[in-house]
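Please work through the following exercises with the sequence and the coordinates at hand, trying each task before reading its solution.

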Amino acid sequence: MQTPLTIAIDGPAASGKGTLARRLADYYHLPHLDTGLTYRAVAHMLIRNGWPLDDEAHAIEAARQVDLASLDKHALSAHEVGEAASRVAVIPELRRILVEKQRAFARNPAGAVLDGRDIGTVVCPDADVKLYVTASAEVRAERRLRDIESRGGRADFAEILADIVHRDERDMGRADSPLKPAADAHLLDTSEMSIEAAFLAAKAIVDDALAKRDKA
Ligand SMILES: Nc1ncnc2c1ncn2[C@@H]1O[C@H](COP(=O)(O)OP(=O)(O)O)[C@@H](O)[C@H]1O
Ligand SMILES: Nc1ccn([C@@H]2O[C@H](COP(=O)(O)OP(=O)(O)O)[C@@H](O)[C@H]2O)c(=O)n1
């Protein structure tokens, strides 16, 4: 049987980690989990039921109900849901429940690609390859704006930029599992890279790690 390959990808909002994770999963024939969707699903459930985002009991109940097989990317993709997700993501018990589900996904015999904020540090600390994907806040805001416009929505660049900066502060500043690169993560700044260039840079890092592993 083939040795499993686990790739952990972390980074701030709209850095391109999801796009990269999907490309790598495709290339190495691995299943992919966008863990942000699990936090978004909880936020979405709270919003839909009219419960406040700091209602810990309902948030924890919602986390228990999250089913990885039925995460609806389209319904969860709204910018506001991402913002709400980062507010519920500070609740430690909720994180514990979601991390358990994410780890179960990562135990796939062939390996997996997971992207999020704490994959290399908490969810898969033993991943074969860890990537920390960044880009300047301005570039990320521009990408998110184009995302929204491509779905027929309208948004203001300055507002999106302010949201992104604020979300970075919340995600990097929280007590439980803050966003930060794992000590052994490879940093990839995609500010001036096309999607293809980012993929090729990441693939080179993964292939190098695989070659070293095969030699060991
Ligand atoms: N290197 C890149 N250059 C230009 N656009 C990119 C790049 N990487 C991703 N994008 C685009 O930016 C947007 C956000 O990317 P996404 O992968 O969803 O980010 P994240 O998962 O980090 O929030 C998407 O529209 C995607 O197509
Ligand atoms: N592994 C993860 C993934 C997401 N999250 C939280 O969920 C929010 C939404 O994550 P996301 O990955 O869908 O957001 P984008 O980067 O796509 O905007 C983040 O801002 C984090 O607060 C987390 O805490 N841990």
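**Exercise 1: a loop position**

Ala110 is placed in the loop between α6 (92-106) and β3 (111-116), where helices (H or I, at least four residues) and strands (E, at least two) are DSSP runs numbered from the N terminus. This is a predicted model, in which local features need pLDDT of at least 70, side-chain atom pairs count only at pLDDT 80 or more, and totals for chains, interfaces and linings use all residues. Residues are numbered from 1 along each chain as its sequence is written, while chains are lettered from A and ligands numbered from 1 in the order in which they are written.

Solution. Start with the burial classes: a residue is buried if 20 or more other C-beta atoms lie within 10 Å of its own, exposed if 12 or fewer, and partly exposed in between, with C-beta atoms placed from the backbone.

**Exercise 2: confidence**

Task: state the mean pLDDT of the protein chain and the ipTM and pTM scores of the model.

Solution. With pLDDT understood as the predictor's confidence in each residue, from 0 to 100, the mean for the protein chain is 96, and 100% of its residues reach 70 or more. The model scores ipTM 0.98 and pTM 0.97.

**Exercise 3: an annotated binding site**

Task: locate Ser15 and Lys17, and decide for each whether it is buried or exposed.

Solution. An unreviewed UniProt entry places the feature "binding site" at Gly11, Pro12, Ala13, Ala14, Ser15, Gly16, Lys17, Gly18 and Thr19; such annotations may be inferred rather than shown by experiment. Ser15 lies in the loop between β1 (5-10) and α1 (17-27), whereas Lys17 is in helix α1. Because 28 other C-beta atoms lie within 10 Å of its own, Ser15 is buried; Lys17, with 27 other C-beta atoms within 10 Å, is buried. Not counting residues up to four places away in sequence, Ser15 touches Val133, Thr134, Ala135, Arg140 and Thr190, and Lys17, with its neighbours within four places left aside, is in contact with Ile9, Asp10, Gly11, Asp115 and Val133. The other buried residues of α1 include Leu20, Ala21, Arg23, Leu24 and Ala25, and what covers the buried residues of this helix includes β1, β2 (32-34), β3, β4 (129-134) and α10.

**Exercise 4: two ligand shells**

Task: describe which residues come closest to ligand 1 and which come nearest to ligand 2.

Solution. Count a residue as near a molecule if its C-beta atom, placed from the backbone, lies within 6 Å of it. Around ligand 1 there are 15 residues, the closest being Gly16, Lys17, Gly18, Thr19 and Arg143; α1, α8 (137-150) and α10 (195-215) are the elements that give two or more residues to this shell, and α1 gives the most, with three. Around ligand 2 there are 16 residues, of which Gly36, Tyr39, Ser86, Ala89 and Gly116 come nearest, and α2, α5 (79-88) and α9 (157-173) each supply at least two residues of the shell.

**Exercise 5: the nonpolar cores**

Task: identify which residues have the most contacts inside the largest nonpolar core, and which helix gives the most to this core.

Solution. A nonpolar core is a set of buried Ala, Val, Leu, Ile, Met, Phe, Trp, Tyr and Cys residues joined through C-beta atoms within 7 Å. The largest has 43 residues, and Ile9, Val42, Val88 and Leu114 have the most contacts inside it; helix α2 (residues 36-49) gives the most to this core, with six residues. A second, separate core of seven residues includes Ala13, Ala14, Leu145 and Ile160.

Note on methods: Contact = placed C-beta atoms within 7 Å.
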